[in-house]
Amino acid sequence: MGNSMRLAFGQIRRVDRETMTDARQLGIDRVHFNLPFDLPAEKRWEYEDLLKFREAADQYGVIVEGMENLPIRFYDKAMLGEEGRNEQIDNVCESIRNLGRAGIPVLGYHFSPSFVWRTSNSAPLGRYGAKVQAFDLALQEQGIDDMDDFGQRRDVPVPDVEFLWENFEYFMKRVLPAAEEYGVTMALHPDDPPVPQLSGIARMFIDLESYKRADELLQSKNWGLLFCIGTFSQMPGGAKNIFEAIEYFGPRKKLVYAHMRDVRGTVPKFHECLLGEGNFDPFEVMYALMHSGFDGFLLSDHVPAIEGDTPWGHRARINDTAYLRGLMEAIDKMENKQERIKQNEQTIG
Ligand SMILES: [Mn+2]
């Protein structure tokens with residue numbers, strides 16, 4: 001089959017002995033960080049700070065696959081086309097160069113001023129009452145907002161999505177050359193939830209078409225999808241969006257990495273769940289990914305709060321990570337076995 005799809009221990013928020021050791025003891029030597037608490041981030045990421053991160057991972061024999069989420073304050077003016085955006089863009093370019101210099105090859109980001117939105121963070125809707133993140137557009141329209149503060153903007157009306165497209169083009173055409181020069185691939189996360197607007201702010205990446213448009217606009221080897229399978233599952237029509245995206249972007253080598261997560265239901269109302277209890281069949285999705293030419297990494301994403309778990313969700317994350325690993329191994333073995341049978345038949349024949 002010859003692909004090099006990789007499993008990473010992901011959404012890690014600090015580089016410490018415990019997490020790195022957990023990864024190694026689980027048999028995983030790839031990690032992915034998301035808005036790390038211990039990475040200074042006033043206006044940009046500095047080389048020395050990123051290097052410390054990478055070197056700490058090196059100590060445990062762990063490869064850093066990527067860093068996710070530029071803090072929103074790094075580029076909120078760029079997203080909103082406000083004065084001061086050029087200074088932010090210069091700093092984003094420098095952050096990207098510093099990632100490249102430090103040997104961190106992937107930057108996950110989004111272009112959504114209002115970012116992720118949930119109307120509950122602890123709805124007891126998971127299996128046997130597991131507490132999960134849930135979204136209901138009807139509640140959202142009443143102003144209900146249960147997300148942590150990541151610096152997302154709720155205050156600036158942006159009714160026209162084309163205005164965001166202009167800002168996106170302006171931003172990307174200035175930062176991509178830095179990414180290309182320093183060997184960093186920028187992977188764009190969809191707007192979660194994928195609805196046309198929230199809180200008066202339009203949302204760009206809510207369907208496959210928006211990614212096709214961006215891909216044609218940018219035409220860069222250093223740009224692709226942060227393929228949040230959970231968000232694609234939330235789109236109207238549910239699981240079929242996932243397979244369409246794999247079919248289109250897999251062979252084009254544009255799926256940089258994947259968030260493996262699922263939900264029950266689609267917009268306007270859904271809630272999260274563990275793998276295997278949601279809209280898609282994890283085997284079918286993994287099989288499609290493995291046969292699409294996807295050669296990036298994948299990781300678990302948000303997870304339900306199952307009883308007795310830590311705030312980061314060790315138990316649920318390990319459940320989902322091990323589930324993915326089992327699927328990868330099973331598909332691989334199944335294919336190798338079929339290959340061996342075929343070879344035997346040829347020998348006998
Ligand atoms: Mn995601």
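Is Met172 buried or exposed? In this predicted model, Met172 is buried, its relative accessible area coming out at 0%. The residue sits in helix H6, and leaving out residues up to four places away in sequence, it touches Tyr109, Pro177, Met186, Leu218 and Trp223. Glu46 is another matter: 126 residues separate it from Met172 along the chain, and the two C-alpha atoms are 21 Å apart.

Take Phe168: beyond residues up to four places away in sequence, its contacts are Tyr109, Phe111, Leu188, Met204, Phe205, Ala214, Leu217, Leu218 and Trp223. Tyr109, Leu218 and Trp223 turn up in the contacts of Met172 as well. As a general point, nonpolar side chains in soluble globular proteins tend to be buried together.

Now to the metal. The manganese ion takes its protein donors from His189 (NE2), Cys228 (SG), His259 (ND1) and Asp301 (OD), at 2.2 to 2.4 Å. Along the chain these donors are spaced as H-x38-C-x30-H-x41-D. Cys228 belongs to strand E11 (residues 223-228) and His259 to strand E12 (residues 255-260), so this pair ties together parts lying 31 residues apart in sequence.

Next comes an open sheet of 4 strands, which pair antiparallel in the order E6-E7-E14-E13. Its edges are strand E6 (120-123) and strand E13 (262-266); each has a single partner strand, so one side of each lacks a neighbour in the sheet. On average, and with direction ignored, neighbouring strands here are turned by 30° against each other. Strands of a sheet in general pair through backbone hydrogen bonds, either parallel or antiparallel.

Going through the sheet pair by pair, E6 and E7 are antiparallel and share 2 bridges, with Ala123 opposite Val132 of E7. E7 then connects to E14 through 3 bridges, again antiparallel, and here Asp136 has Lys269 of E14 as its bridge partner. Finally, E13 and strand E14 (residues 269-273) run antiparallel and are joined by 5 bridges, Gly265 standing opposite Phe270 in E14.

Strand E7 (residues 132-136) is mostly covered, with 5 of its 5 residues buried. Side chains in a regular strand alternate between the two faces of the sheet. For E7, both faces are covered: Val132, Ala134 and Asp136 are buried on one side, and Gln133 and Phe135 are buried on the other.

What about Glu65, and which side chains does it meet through polar contacts? This residue is part of strand E4 (residues 63-68) and, at 5% relative accessibility, counts as buried. Its side chain makes a polar contact of 2.7 Å with the side chain of Arg6 and another, at 3.0 Å, with that of Arg30. Leaving aside neighbours within four places in sequence, the residues in contact with Glu65 are Arg6, Ala8, Arg30, Val31, Pro105, Val106 and Phe297.

Conventions. Residues are numbered from 1 along each chain as its sequence is written. This is a predicted model: local features need pLDDT of at least 70, side-chain atom pairs count only at pLDDT 80 or more; totals for chains, interfaces and linings use all residues. Side-chain values use heavy atoms; hydrogens and water are left out. Donors are N, O and S atoms within 2.8 Å of the metal (3.2 Å for Na, K and Ca); water is not among the atoms, so sites may look incomplete. Two strands pair if DSSP finds at least two bridges between them. Axes are lines fitted to C-alpha atoms, for helices over the stretch in contact, and angles run from 0 to 180 degrees between N-to-C directions. Buried means under 20% relative accessible area, exposed over 50%, partly exposed in between (1.4 Å probe, protein chains only). A polar contact is a pair of N or O atoms within 3.5 Å; within protein, one must be able to donate a hydrogen and the other to accept it, and residues adjacent in sequence count only if both atoms are side-chain atoms. Contact means heavy atoms within 4.5 Å.
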